[in-house]
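This report describes the strand arrangement, the helix packing and the charged side-chain pairs of one protein structure.

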Amino acid sequence: MIILMHPEATPVEIDNVIATVEARGWQTHCSSKSGQMVIGLQGEGQPIDPFHLGQMPGVLETMDISQKYKLGSRDFRPEDTTFTIGDVTIGSKQLAIIAGPCSVESREQLLETAHAVKEAGATFLRGGAFKPRSSPYSFQGLGEAGLKLLAEAREATGLPVVTEVMSPDRVPLVSIYADVLQIGARNMQNFDLLNAVGRSHKPVLLKRGMSATVEDLMMAAEYILAHGNSRIMLCERGIRTFDQKYTRNTFDVMAIPMLQEITHLPIIADPSHGIGVRRHVGAISLAAVAAGADGLIIEAHPNPDRALSDGDQSLTLEQFQTLMKQIKIVAETIGRSC
Ligand code: PEP
Ligand code: MN
């Protein structure tokens with residue numbers, strides 16, 4: 001259950017409500033939503049009569065929420081969450097197009113990519129400086145030097161930067177350089193990290209774990225929301241199924257309309273990791289836009305065959321430019337733009 005207090009509720013009234021529910025064995029989580037105090041009930045307490053609570057001084061409304069996740073649900077917030085970064089309002093009619101290499105490799109590689117994707121219509125630059133690689137022998141990223149290059153590319157192009165943070169202790173460092181903190185699929189349930197990015201109040205791109213259900217994704221987002229950070233983009237990036245001969249993952253296009261029904265948070269699609277095959281990234285991008293995604297994150301590289309990570313799924317800069325024209329057509333067909 002969630003209790004929405006009146007905007008003019010006094011601290012005494014709020015304390016009274018908290019004391020009443022805690023006396024029945026519930027834990028409470030308080031957050032402020034547009035100046036209004038919201039009290040969420042957590043744990044396993046004795047049943048509470050919502051009518052009785054609704055009569056208490058200062059209480060505006062009580063909401064019975066059946067899902068395990070609360071703050072991320074449409075019941076809690078029926079209207080879409082939107083937030084502006086740079087020139088783009090995420091969750092608006094305009095799609096967010098996040099493009100760039102899997103890894104930041106060099107100044108030349110990053111700047112060439114950044115200028116090209118900007119020219120083609122991208123609104124964010126992506127690039128990994130800290131890379132979560134399946135093998136400890138693979139390229140692990142340039143670290144802080146990579147972050148500095150991302151900041152330089154932002155300076156040169158005006159594109160805000162999306163980059164991954166892998167551990168809670170690196171959140172302060174990555175936050176200096178990044179406009180959006182990416183949580184990778186392998187870290188979707190790293191709860192210490194989710195708490196740290198929640199506390200940072202930076203916008204977050206939260207990727208779905210490769211064996212995570214839609215509910216698992218929502219629960220991960222709930223960790224971040226619980227700290228009062230609601231600038232979250234959920235990212236469908238493909239899940240593990242049984243076919244790994246032809247495709248890297250199975251891009252779950254169905255998750256897009258389903259998430260839109262159950263949550264107010266914007267949804268970004270990652271066709272690159274979704275299918276993992278360069279020649280089909282375009283088809284999956286268009287499918288994701290048609291299904292209602294609020295944006296795309298696409299890997300592009302000046303010379304994908306030489307890329308230090310994920311070259312097989314990275315578009316050439318020319319391919320990205322061509323794809324952007326197709327994305328525009330599909331976006332306009334469904335009343336969106338990019
Ligand atoms: C990436 O974006 O390069 C990445 C490692 O993604 P994921 O966490 O989805 O595998
Ligand atoms: Mn990658």
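In this predicted model, eight strands form a closed barrel in the order β7-β8-β9-β10-β11-β12-β13-β14, with parallel pairing. From one strand to the next the twist averages 25 degrees. Two strands count as paired if DSSP finds at least two bridges between them; helices (H or I, at least four residues) and strands (E, at least two) are DSSP runs, numbered from the N terminus.

Two bridges join strand β13 (residues 267-269) to strand β14 (residues 295-299) in the parallel sense. A269 stands opposite L296 in β14. Helix α8 (residues 255-262) lies across β12 (232-236) and β13, and runs at about 170 degrees to β13. Helix α10 (residues 278-290) lies across β13 and β14, at about 170 degrees to β14. Contact here means heavy atoms within 4.5 Å; axes are lines fitted to C-alpha atoms, for helices over the stretch in contact, and angles run from 0 to 180 degrees between N-to-C directions.

**Salt bridges**

Side chains of opposite charge can pair when their charged atoms come close. The structure holds eleven salt bridges, each defined as a side-chain nitrogen of Lys or Arg within 4 Å of a carboxyl oxygen of Asp or Glu. Three of them are listed below.

| Pair | N to O distance |
|---|---|
| R154 and D179 | 2.7 Å |
| R208 and E236 | 2.7 Å |
| R336 and D294 | 2.8 Å |

The salt bridge of R154 with D179 links distant parts of the chain: R154 belongs to helix α4 (residues 144-157), while D179 is in the loop between α5 (171-177) and β10 (180-183), 25 residues apart.

R208 and E236 form a salt bridge across 28 residues, with R208 in the loop between β11 (204-207) and α7 (214-225) and E236 in strand β12. Both R208 and E236 are buried, that is, under 20% relative accessible area, where exposed means over 50% and partly exposed in between (1.4 Å probe, protein chains only). R208, E236 and D252 are linked in a network of salt bridges.

The salt bridge between R336 and D294 joins residues 42 apart, R336 being in the segment after α11 (317-333) and D294 in the loop between α10 and β14. R336 is buried, with a relative accessible area of 14%, and D294 is buried at 8%.

**Conventions**

Residues are numbered from 1 along each chain as its sequence is written, and chains are lettered from A and ligands numbered from 1 in the order in which they are written. Local features need pLDDT of at least 70, side-chain atom pairs count only at pLDDT 80 or more, and totals for chains, interfaces and linings use all residues, while side-chain values use heavy atoms, with hydrogens and water left out.
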